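Please look over the chain shown here. The report below goes from surface to core to strand pairing.

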Amino acid sequence: MWKANETTGQLEYVFQGELISVSKDTQENSKGTEFRVGSVKLPNGKIKSCRIYEKNFAYGMEVGTSYRCTATQYKDANGDTLVDVLMSHLTAAERASIDDFADVAVEATSNVAGQAIELL
């Protein structure tokens, strides 16, 4: 689902996309930030280009792995709506639940809204 970015107002869509390929060389954007051009498999199975910031790529991204992507709508010089896809290094790993820590016996305290709560 497309949602408006609270800062820019541009419509964005966050999804998991498989990294298909990535360039060996880096480029610089207008702000001097290094990035690589890659290709990503979209949720509909189509393969399109994406950008990967070099700082993200340095984490060790691998072809064939799915990563978090943000698609952003923008208007080009002709007024046509296009989509820029930015891929991060974050994977689609499932978040931990409290059950994942069932065998960990740790007591801690937390101050929530001025009240001490014992966590087990």
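## Surface and burial

The chain exposes about 9000 Å², and carbon and sulfur atoms supply 50% of that area. The model is predicted. Of its 120 residues, 18% count as buried.

One nonpolar patch lies on the surface. Trp2, Leu11 and Val83 make it up, and together they have about 250 Å² of accessible area. Trp2 sits in the segment before strand S1 (3-4). Why does Trp2 count as partly exposed? Because its relative accessibility is 37%, and partly exposed covers values between the 20% limit for buried and the 50% limit for exposed.

## Overall layout

The secondary structure consists of 1 helix and 9 strands. Along the sequence the order is β-β-β-β-β-α-β-β-β-β. Contacts also reach across the sequence. Among those between residues at least 6 apart, 43% join residues at least 24 apart.

## The nonpolar core

The largest nonpolar core holds 13 residues. Those with the most contacts inside it are Phe15, Val40, Ile52, Met61, Val85 and Met87. Which elements give two or more residues to this core? They are strand S2 (11-22), strand S5 (47-53), strand S6 (66-75) and strand S7 (81-91). S6 supplies the largest share, with 3 residues.

Leaving aside residues up to four places away in sequence, Met61 touches Leu19, Ile52, Asn56, Tyr67, Met87, Ser88 and His89.

## Strand pairing around S2

S2 pairs with S1, S6 and S4. Start with S1. S1 and S2 run antiparallel and are joined by 2 bridges. Ala4 stands opposite Leu11 in S2. Leu11 is also part of the surface patch with Trp2 and Val83. The hairpin of S1 and S2 has 6 residues between the strands. In that hairpin, Gly9 takes a positive phi near 80°.

Next comes S6. How many bridges join S2 to S6? There are 7, and the two strands run antiparallel. Gln16 has Arg68 in S6 as its bridge partner. S2 and S6 are both among the elements that give two or more residues to the core.

The bridge partner of Val22 in S4 is Gly38.

Definitions and conventions:
Residues numbered from 1 in each chain as written. Predicted model: local features only at pLDDT ≥ 70, side-chain atom pairs only at ≥ 80, totals over all residues. Heavy atoms only, no water. Helix = DSSP H or I, 4+ residues; strand = E, 2+ residues; numbered from the N terminus. Buried < 20%, exposed > 50% of the residue type's maximum accessible area, 1.4 Å probe, protein only. Contact = heavy atoms within 4.5 Å. Areas by Shrake-Rupley, 256 points an atom, 1.4 Å probe, with all protein chains shown as cover. Patch = residues over 30% accessible without salt bridge, like charges linked within 9 Å, V, L, I, M, F, W, Y side chains within 5 Å. Salt bridge = Lys/Arg side-chain N within 4 Å of Asp/Glu carboxyl O. Core = buried A, V, L, I, M, F, W, Y, C linked by side-chain atoms within 4.5 Å. Pairing = 2+ DSSP bridges.
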